[in-house]
Amino acid sequence: MDSREFVEELERANQEIMARMGREGAPEDSRAGVPVLLRIALKNELEAFELAAHWIPTTPELDVKLGLARQVGDEAKHYRLLEARYRELGGGDFDPRQGGYSPLFQYLSGLKTSVERLAAGQFTREALAQRRNEMFIEYLLALGDTQTAKIYQETIQADEGYHHELGKTMLLKYATTPEHQRAAREACRRTLEIAEKLRAGAIAKTGAYQIPGC
Ligand SMILES: [Fe+2]
Ligand SMILES: [Fe+2]
């Protein structure tokens, strides 16, 4: 198939997963407060910029390399904005590297080709992040925390959208061979599987299903 059909196929798989999110119904006891969820967000932002940075030296395509470089800056900016808010809310000492990097980070950082990375890391991971952040914004607004919601509404969401679009544009350009498409399809499948498992763990731990992405 050509790259356009391929991207549409990936999009359908992502839509299916995202349509299921939010239909879980609120857990009975929500033990989470905003700082608890911001800790998860901080870890995700950290892993997002570190992953993009990790890929830069081994990316041969100049436009992909530059896209990753911009993403590193964006995710680091998200980290700083959320960290400042976390402190304002009285969140205690926290180093998101504690407990090690997530299984999703470990899986994604092992991907070797740009097409796999773009499909799993930008196209899929960033689409999930946007959807998850949307749910988190609703949660924040329901609590009356408009300050934290504003950070997502005014800055983070537009950037995550840009990262997803970067994945899409670059896949349309580079996902042209059946071998690359096959590997990328598998990388997306694994990414969705691992991300869902991690999200289920976070829901069980926090009692909230509005787990922010990156
Ligand atoms: Fe992002
Ligand atoms: Fe981010």
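Reply: The 214 residues of the chain would give a compact globule a radius of gyration near 17 Å, and the chain has 17 Å, which agrees; the radius is taken over C-alpha atoms, and the globule rule is 2.2 Å times the number of residues to the power 0.38. This is a predicted model, in which local features need pLDDT of at least 70 and side-chain atom pairs count only at pLDDT 80 or more, while totals for chains, interfaces and linings use all residues. Residues are numbered from 1 along each chain as its sequence is written, and chains are lettered from A and ligands numbered from 1 in the order in which they are written.

The C-alpha trace spans about 50 × 35 × 30 Å along its principal axes. The chain has seven helices and zero strands; helices (H or I, at least four residues) and strands (E, at least two) are DSSP runs, numbered from the N terminus.

After H3 comes glycine 90, with a positive phi near 85 degrees.

Buried residues make up 40% of the 214 in the chain. A residue is buried if 20 or more other C-beta atoms lie within 10 Å of its own, exposed if 12 or fewer, and partly exposed in between, with C-beta atoms placed from the backbone. In H3 the buried residues are Val64, Gly67, Leu68, Gln71, Asp74, Glu75, His78, Tyr79, Leu82, Arg85 and Tyr86. They pack against helix H2 (34-55), helix H5 (114-143) and H6, where contact means that the C-beta atoms of two residues, placed from the backbone, lie within 7 Å.

H6 (residues 146-174) also packs with helix H1 (residues 3-20), at an angle of about 145 degrees and with the axes 8 Å apart. Axes are lines fitted to C-alpha atoms, for helices over the stretch in contact, and angles run from 0 to 180 degrees between N-to-C directions. Ser3, Arg4 and Val7 of H1 meet Lys168, Leu171 and Leu172 of H6.

Across the chain, 86% of the contacts between residues at least 6 apart in sequence join residues at least 24 apart. Tyrosine 209 and methionine 21, for instance, are 188 residues apart in sequence and 8.6 Å apart in space, C-alpha to C-alpha.
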